[in-house]
Amino acid sequence: MLKVYDFTGSGNGYKVWLLLSQLGVPFERIERDILKGETRTQEFLKKNPNGRIPTLELADGTFLFESGAIVWYLAEGTEFAPKDRLARAQTLQWMFFEQYSHEPYIAVARFWKHFLDRLTPQQEANLPDIMKKGYAALDVMEKHLATRQFFVDDRYGLADIALYAYTHVADEGGFDLSDYPNLTAWLARVKAQPGHVAIDHKF
């Protein structure tokens, strides 16, 4: 059975087990508390030398890390990964956008505000820029969704899973989505997909 090493509330980890749940693939979820340094132990670093979650353990004992790589591996050959060459590239385009232009701001603001008791002076100083860049990413998504139901080929897929993970909890980072009607409608469509589970779902 597949094993997913994860931290409750992590959007990156959520991508993996949301997809697994929608694929109907059984798996074991193993909690590793990043706030307590449980991914920095020698034991865990043997699984993932980068010391992060999520980490996927395959049935043969092989370990795979980085959420984008994991979900692509799991979706290969399924309806979630496009077969068309351009659609595959566009899916990767949005997955890269999520990791470079979205997650560093939406997810960071959420982590600081939702998981930490208080911010350091440096975090307080950096927060306005983090919020500004987070809203810039949301603006890009809002514009793209003005003429389509989902991000690629107008059908639900990996690009939606990647972007949904942190966007649907952006309010926990202080982001107000009330001025993003296309985005909020898309969030509702993703939530309505078969096999959807909440980010705080208990397995």
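The C-alpha centres of domain 1 and domain 2 are separated by 21 Å in this predicted model. Domain 1 spans residues 2–75 and domain 2 spans residues 85–191, with bounds taken from an automatic or database domain assignment. Residues are numbered from 1 along each chain as its sequence is written, and side-chain values use heavy atoms, with hydrogens and water left out. Local features require pLDDT of at least 70 and side-chain atom pairs count only at pLDDT 80 or more, whereas totals for chains, interfaces and linings use all residues.

Contact (heavy atoms within 4.5 Å) involves 18 residues of domain 1 and 18 residues of domain 2. The buried area, defined as the accessible area (1.4 Å probe) lost by two parts on being put together and summed over both, is about 1,400 Å² between the domains, with carbon and sulfur atoms giving 69%. Of the area that domain 1 buries against domain 2, 40% is supplied by Tyr14, Lys15 and Trp72, more than by any other three residues.

Between the domains there is 1 salt bridge, a term denoting a side-chain nitrogen of Lys or Arg within 4 Å of a carboxyl oxygen of Asp or Glu. Lys15 pairs with Glu98 in a salt bridge whose closest N and O atoms are 2.9 Å apart. On the side of domain 1 that touches domain 2, two or more residues each come from helix H1 (11–23) and helix H3 (67–75), helices being DSSP runs (H or I, at least four residues) numbered from the N terminus. H1 gives the most to this side, with 7 residues.
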